[in-house]
Amino acid sequence: MISENDVNILDLPTIQIDFEGEFLASCGLPNQIELLDLCHEYFIDWFTQRYSLQEFAQKYANKHISLWTTQAVELPTSMDNHPFFAFIIRFDALDDSYVLVQCKLMSRDKVH
């Protein structure tokens, strides 16, 4: 699911999601229930601490979790003009272990 055009989130400027906006995690793999259950505890910590995407990725990198941009989905339009963003959570130690996340952004730093 990660293509050669996708980028590790740690290689991007800071991205902050809208913790009050829409947030969707989905998975179409045979082990989807296991993967979504696994994500649940990480999402609780993420929303409680309000990490940027980079802070979240750095915190859980030692658990073999990586976050990647994705071009594989068509993003919905927002009713309040906040941009949507999609990324993949990959559990690097497991085979076929991708969860797609779609959420709204609050801010995104620009590349200098």
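This report describes the fold, the nonpolar cores and the salt bridges of a predicted protein model.

Local features need pLDDT of at least 70, side-chain atom pairs count only at pLDDT 80 or more, and totals for chains, interfaces and linings use all residues. Residues are numbered from 1 along each chain as its sequence is written, and side-chain values use heavy atoms, with hydrogens and water left out.

## Fold

The protein has two helices and five strands. Their order from the N terminus is β-β-α-α-β-β-β. Helices (H or I, at least four residues) and strands (E, at least two) are DSSP runs, numbered from the N terminus.

Of the 112 residues, 39% are buried. Buried means under 20% relative accessible area, exposed means over 50%, and partly exposed lies in between (1.4 Å probe, protein chains only). Contact means heavy atoms within 4.5 Å. Among contacts between residues at least 6 apart in sequence, 63% join residues at least 24 apart.

Strands 3 and 4 run antiparallel and are joined by five bridges. Two strands pair if DSSP finds at least two bridges between them. Trp-68 stands opposite Ile-88 of strand 4. Strand 4 is largely enclosed by the rest of the structure, because seven of its eight residues are buried. In a regular strand the side chains alternate between the two faces of the sheet.

## Nonpolar cores

A nonpolar core is a set of buried Ala, Val, Leu, Ile, Met, Phe, Trp, Tyr and Cys residues joined through side-chain atoms within 4.5 Å. The largest one holds 25 residues. Trp-46, Leu-53, Leu-67, Phe-87 and Ile-89 touch the most other members. Two or more residues each come from strand 1 (15–17), helix 1 (32–49), helix 2 (53–60), strand 3 (65–69), strand 4 (84–91) and strand 5 (98–108). Helix 1 gives the largest share, five residues.

Which residues does Leu-53 contact, leaving aside neighbours within four places in sequence? They are Ile-9, Ile-15, Ile-17, Trp-46, Leu-67, Phe-85 and Phe-87.

A second, separate core has five residues. Trp-68, Ala-86, Ile-88 and Tyr-98 are among them.

## The buried side of helix 2

Leu-53, Gln-54, Phe-56, Ala-57 and Tyr-60 are buried in helix 2. They lie on the same side of the helix, because they cover an arc of only 160 degrees around the axis. The arc is that of the directions from the helix axis to the C-beta atoms. An α-helix has 3.6 residues a turn, so residues three or four places apart point the same way. The buried residues of helix 2 pack against strand 1, helix 1, strand 3 and strand 4.

## Salt bridges

A salt bridge is a side-chain nitrogen of Lys or Arg within 4 Å of a carboxyl oxygen of Asp or Glu. By this rule there are four. Three of them are described here, including these pairs:

| Pair | N to O distance |
|---|---|
| Lys-104 and Glu-22 | 3.1 Å |
| Asp-45 and Lys-59 | 3.0 Å |
| Arg-90 and Asp-92 | 2.6 Å |

Lys-104 and Glu-22 link distant parts of the chain, 82 residues apart. Lys-104 is in strand 5, and Glu-22 is in the loop between strand 1 and strand 2. Is Lys-104 buried or exposed? Lys-104 counts as buried, because its relative accessibility is 4%. Glu-22 counts as partly exposed at 45%.

Asp-45 lies in helix 1 and Lys-59 in helix 2, so this pair ties together parts that are 14 residues apart in sequence. Asp-45 is buried, with a relative accessible area of 16%. Lys-59 is partly exposed at 37% relative accessibility.

Arg-90 is partly exposed, with a relative accessible area of 24%. Asp-92 is also partly exposed, at 37%.

## Leu-24 in strand 2

Leu-24 is in strand 2 (residues 23–26). Leu-24 is partly exposed, with a relative accessible area of 45%. Not counting residues up to four places away in sequence, Leu-24 touches Leu-100, Val-101 and Gln-102. The C-alpha atoms of Leu-24 and Gln-102 are separated by 5.1 Å, although the two residues are 78 residues apart along the chain.
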